[in-house]
Amino acid sequence: GGPVVLPGGVKRMEQDNSAVTFLGNWFINGGTRTSGGTAELAVDAGAQATVTFTGTGIQWIGVRDEWSGIAKVSVDGGPPQNVVDYLTPGAQQQVIYKASGLVSGTHTFTIAVTGTANHASKGDWIWVNAFDITP
């Protein structure tokens, strides 16, 4: 299905939307607390999720917990930024990264799994559940 419109005209795009592509080994996780009922997760360095969107901003929504790792994110092929996904206690449907103030138009947002984690983490999983797109 297409994106769901949230307050303020923000569009929620689930990870299984055709605008999202996955490279590498990703696993589907079903859960009643995930947005849309499923999420994708990966642990292997080099796995990537890329979303193409039209708007001025994007929020990556996912799971942050005691088994989450570090990802590198980039917008429009720009310099990658490290994002530490670790959180205790864990929580679902969390904003993991936000980019705003982009020029209105079509953009790409890429999440790259590093296979590394915070020293306190028990794992290095990266979760992709949804994206909130600002018009």
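1. Asp-132 is buried, because its relative accessibility is 6%, where buried means under 20% relative accessible area, exposed over 50% and partly exposed in between (1.4 Å probe, protein chains only). Its side chain meets that of Arg-12 in a salt bridge, at 2.3 Å from N to O; the term stands for a side-chain nitrogen of Lys or Arg within 4 Å of a carboxyl oxygen of Asp or Glu. Arg-12 lies in strand E2 (residues 11-14) and Asp-132 in strand E13 (residues 130-134), so the pair ties together parts that are 120 residues apart in sequence. Arg-12 also counts as buried, at 14% relative accessibility. Strands (E, at least two residues) and helices (H or I, at least four) are DSSP runs, numbered from the N terminus.

2. This is a predicted model, in which local features need pLDDT of at least 70 and side-chain atom pairs count only at pLDDT 80 or more, while totals for chains, interfaces and linings use all residues. Residues are numbered from 1 along each chain as its sequence is written, and side-chain values use heavy atoms, with hydrogens and water left out.

3. How many salt bridges does the rule give? The count comes to 2. Besides the pair in point 1, the side chains of Arg-64 and Asp-85 meet in a salt bridge, at 3.8 Å from N to O. This pair links distant parts of the chain, with Arg-64 in strand E7 (residues 57-64) and Asp-85 in the loop between E9 and E10, 21 residues apart. Asp-85 counts as buried, because its relative accessibility is 0%. Side chains of opposite charge can pair when their charged atoms come close.

4. The loop between strand E9 (81-84) and strand E10 (91-99) also holds Pro-89. The peptide bond from Thr-88 to Pro-89 is cis, with omega near -5 degrees. Most peptide bonds are trans, and most residues other than glycine have a negative phi.

5. Asp-76 is not a glycine, yet its phi is positive, at about 55 degrees. This residue lies in the loop between strand E8 (70-75) and E9, and Asp-76 counts as partly exposed at 41% relative accessibility. Gln-93, also not a glycine, has a positive phi of about 50 degrees. Gln-93 is found in strand E10 and counts as partly exposed, at 36% relative accessibility.

6. Which residues does Arg-33 touch, leaving aside its neighbours within four places in sequence? Arg-33 is in contact (heavy atoms within 4.5 Å) with Gln-92 and Gln-93. The C-alpha atoms of Arg-33 and Gln-92 are separated by 6.7 Å, although the two residues are 59 residues apart along the chain. Arg-33 is found in the loop between strand E4 (27-30) and strand E5 (38-42), and is exposed, with a relative accessible area of 58%.

7. E4 and E5 belong to an open sheet of 3 strands, in the order E4-E5-E12, with antiparallel pairing. E4 and strand E12 (126-128) stand at the edges, each with a single partner strand, so one side of each is left without a neighbour in the sheet. The twist averages 35 degrees from one strand to the next, with axes as lines fitted to C-alpha atoms (for helices over the stretch in contact) and angles from 0 to 180 degrees between N-to-C directions.

Notes:
Two strands pair if DSSP finds at least two bridges between them.
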